[in-house]
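Subject: Structure handover

Hello,

Here is the structure I said I would pass on. My notes follow below it.

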Amino acid sequence: AVVSTQSTGYQRRVRGSGSPPSNLLIIPVSPQETRVPSKSCNYSKNWILGESVVEIIKSNDGLRNDGQRSRLAKLSLFQKFNQVCSAVTHAVPYRNRYYSEMKSDAENYQRRKRAVFEALAVAGHGKWVGKPLEQDMFHASQ
């Protein structure tokens with residue numbers, strides 16, 4: 001569930017009277033229509049079960065402190081996806097194509113994304129603010 005920090009009634013309904021179910025992910029969202037970089041945290045952290053290191057990423061450029069790309073960067077995940085495709089099918093379907101093309105081809109993802117956008121609007125939680133299209137215009141070879 002995506003929950004507005006201003007919608008306490010909705011938060012209570014999602015959480016119920018006790019703790020939220022273990023399979024429920026609650027992501028607080030700001031009621032602002034756009035992100036204000038100057039008010040953002042200077043870093044983010046991620047950790048993967050089984051990994052011994054917490055990855056710290058600088059918010060201003062999306063890189064780790066050592067200057068390397070994050071394991072959660074779109075390009076890193078896109079390259080991993082192509083590696084899995086290569087290992088399973090012995091082909092790389094998106095070798096010379098854009099990341100945005102892969103996302104467009106993911107019909108289930110696109111259908112569910114539209115459903116989330118519609119549910120947010122119907123519930124009165126506002127319109128999803130999209131990102132510039134050029135953010136997804138890169139090849140796995142970059």
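Predicted model: local features only at pLDDT ≥ 70, side-chain atom pairs only at ≥ 80, totals over all residues.

Aromatic residues

F138 forms an aromatic pair with Y99. The two rings are stacked, at 5.0 Å centre to centre and with 15 degrees between the planes. Y99 lies in helix α3 and F138 in the segment after α4 (107-122), so this pair ties together parts that are 39 residues apart in sequence. Y99 counts as buried too, because its relative accessibility is 12%.

The count of aromatic pairs comes to six. Another of them joins F78 and Y94. This pair is tilted, with the centres 6.5 Å apart and 55 degrees between the planes. F78 sits in helix α2 (residues 74-89), while Y94 is in the loop between α2 and α3 (99-105), so the parts that the pair ties together are 16 residues apart in sequence. F78 is buried, at a relative accessible area of 0%. Y94 is buried as well, at 10%.

The residues named so far belong to one aromatic cluster, which is made up of F78, F81, Y94, Y99 and F138.

The chain as a whole

The chain has four helices and four strands. From the N terminus on, the order of the elements is β-α-β-β-β-α-α-α. There are 142 residues in the chain, and 18% of them count as buried. Among contacts with a separation of 6 or more, 39% are between residues 24 or more positions apart.

Which helix supplies the largest share of the lining? That is α4, with five residues. Both α3 and α4 supply at least two residues each.

Two loop residues

H90 is found in the loop between α2 and α3. Its phi is near 60 degrees, a positive value in a residue other than glycine. As background, most residues other than glycine have a negative phi. H90 counts as exposed because its relative accessibility is 71%, and the limit for exposed is over 50%.

L72 lies in the loop between β4 (55-58) and α2. Is this residue buried, partly exposed or exposed? L72 counts as partly exposed, at 43% relative accessibility. Leaving aside residues up to four places away in sequence, L72 touches N46, E55 and L77. L72 and N46 are 26 residues apart in sequence, and their C-alpha atoms are 8.4 Å apart in space.

Those are my notes on this structure.

Regards

Key:
Residues numbered from 1 in each chain as written. Heavy atoms only, no water. Phe/Tyr/Trp six-rings, centres within 6.5 Å; stacked < 30°, edge-to-face > 60°. Buried < 20%, exposed > 50% of the residue type's maximum accessible area, 1.4 Å probe, protein only. Contact = heavy atoms within 4.5 Å.
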